[in-house]
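Dear colleague,

Please find below the structure that I am handing over to you. My notes on what was found in it follow directly after.

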Amino acid sequence: MRSVRSGTAVAVCALGVATAIFVPTALDDQGGGSGLGEGQAHPRSVGTTAAAPEKCVRPEASLRPSSASGPAIERIKNREVEGRKLGKLIAGVDQNSYRWGYRDPATGDLTGFDIDLVRAIAKDIFGDPDAVIYRAIPTSQRVNALQQGKVDIVVRTMTINCARLKDVAFSTAYFKAGQQVLVPKGSSVTGYNTSLRGKKVCTAQGSTAEAELDQEKGGAKDLGAIKVAPVPNQLDCLVRLQLGQVDAVITDNALAAGQAAQDPSVKLVGKPFTEEFYGVAMNKDDKDLVRRVNKVLEEYRSGGSGSPWMRAYRKWLAEDLGRTEENPAAPAPAYRD
């Protein structure tokens, strides 16, 4: 893998500005085609929110895996654009999160841990890992993109939780992370504690970090921190940090570790103060797609140190998160049926 560690903070800042002006409804040019036309009606209802389960005790529990094709799989396989069968999966991803979903500066291709998983799903459905159209989506638009039929799946370091289960469906967990604090080197902040008193803190809109900061107990007000207006993408917080506009960023430690690797002027402090599970998000109506993705994940995790999951971990994440022959962050699947 080509390393982009030598990229300066200015380069990262420029990337953040590009993100800010990216039109979230435009399809990425990688993979070609146009997917669903803008304004085109989606076969499923849009704007309705199904009720969450009465008791949400273990949100990472999903539907049991199955290779059977149902309405969602058939819709994806037979989707037509301008009278021609598209034959591709439309995936909502990040294009700015180093190690997870980002553009290789040498090739311009999207790559990373999440991208490898998207390719595995596409290979299972179409027999071709390249049968994907990638749509770059801001953090704040992940749910809307699924509800409006802009994408079939979202694979974008998206945490499974009870609140989100009201709006979207999730696969079983494919990674475990936690919220942590990112600060400039030399900062007096020591973690998610009262050392944040009087400090300006940034987070992404619609993120679990924002929810943590908004809590009455243990949130920004309780710690004496100053929560600034949330930004569309988590990387925009890094840009603000580099420019000195904020003092700290609250985000997933898995993402922040990649940013600290890319920009040596920042560091993670304290310990993770939450436990969060990433899942593949889908429309609530697409139960057969959820089961199919869970089948892919069963195969992706299997094989011990030689599993596709472990190979991807060693390739993308081990340098920043630690090397091990055990599955350090691939939780065992949990099912509710």
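Trp 309 and Tyr 313 are both buried, where buried means under 20% relative accessible area, exposed over 50% and partly exposed in between, with a 1.4 Å probe and protein chains only. The two residues sit in helix α10, four residues apart, which is about one turn of the helix. Helices (H or I, at least four residues) and strands (E, at least two) are DSSP runs, numbered from the N terminus.

This is a predicted model, in which local features need pLDDT of at least 70 and side-chain atom pairs count only at pLDDT 80 or more, while totals for chains, interfaces and linings use all residues. Residues are numbered from 1 along each chain as its sequence is written, and side-chain values use heavy atoms, with hydrogens and water left out.

Aromatic rings

A search of the whole structure finds 13 aromatic pairs. Rings of Phe, Tyr and Trp (its six-membered ring) pair if their centres lie within 6.5 Å; planes under 30 degrees apart count as stacked, over 60 as edge-to-face and the rest as tilted. One of the pairs is Phe 175 with Tyr 278, which is stacked, at 5.8 Å centre to centre and 20 degrees between the planes. Because Phe 175 belongs to strand β10 and Tyr 278 to strand β16 (residues 276–278), this pair ties together parts that are 103 residues apart in sequence. Phe 175 counts as buried at 2% relative accessibility, and Tyr 278 is buried with a relative accessible area of 0%. The pair of Trp 309 and Tyr 313 is also stacked, because the ring centres are 5.4 Å apart and the planes are at 10 degrees.

The nonpolar cores

A nonpolar core is a set of buried Ala, Val, Leu, Ile, Met, Phe, Trp, Tyr and Cys residues joined through side-chain atoms within 4.5 Å. The largest one has 46 residues, and those with the most contacts inside it include Phe 113, Tyr 174, Phe 175 and Leu 289. Among the elements that each supply at least two residues of this core are α2 (71–78), β10 (175–177), α9 (287–301) and α10 (308–316). Helix α3 gives the most, with seven residues. Apart from this core lies another, of 18 residues, including Val 81 and Phe 277.

How do α2 and α9 pack? Their axes are 6 Å apart, at an angle of about 85 degrees; axes are lines fitted to C-alpha atoms, for helices over the stretch in contact, and angles run from 0 to 180 degrees between N-to-C directions. Helix α2 is therefore roughly perpendicular to α9, since angles of 65 to 115 degrees count as roughly perpendicular, under 35 as roughly parallel, over 145 as roughly antiparallel and the rest as oblique. Pro 71, Ala 72, Ile 73 and Ile 76 of α2 make the contact with Asp 288, Leu 289 and Arg 292 of α9, contact meaning heavy atoms within 4.5 Å.

Two loop residues

Arg 99 has a positive phi of about 85 degrees although it is not a glycine. Arg 99 is found in the loop between β4 (96–97) and β5 (101–103). Thr 157, likewise not a glycine, has a positive phi of about 40 degrees. The loop between β8 (153–154) and β9 (169–170) holds Thr 157.

Yours sincerely
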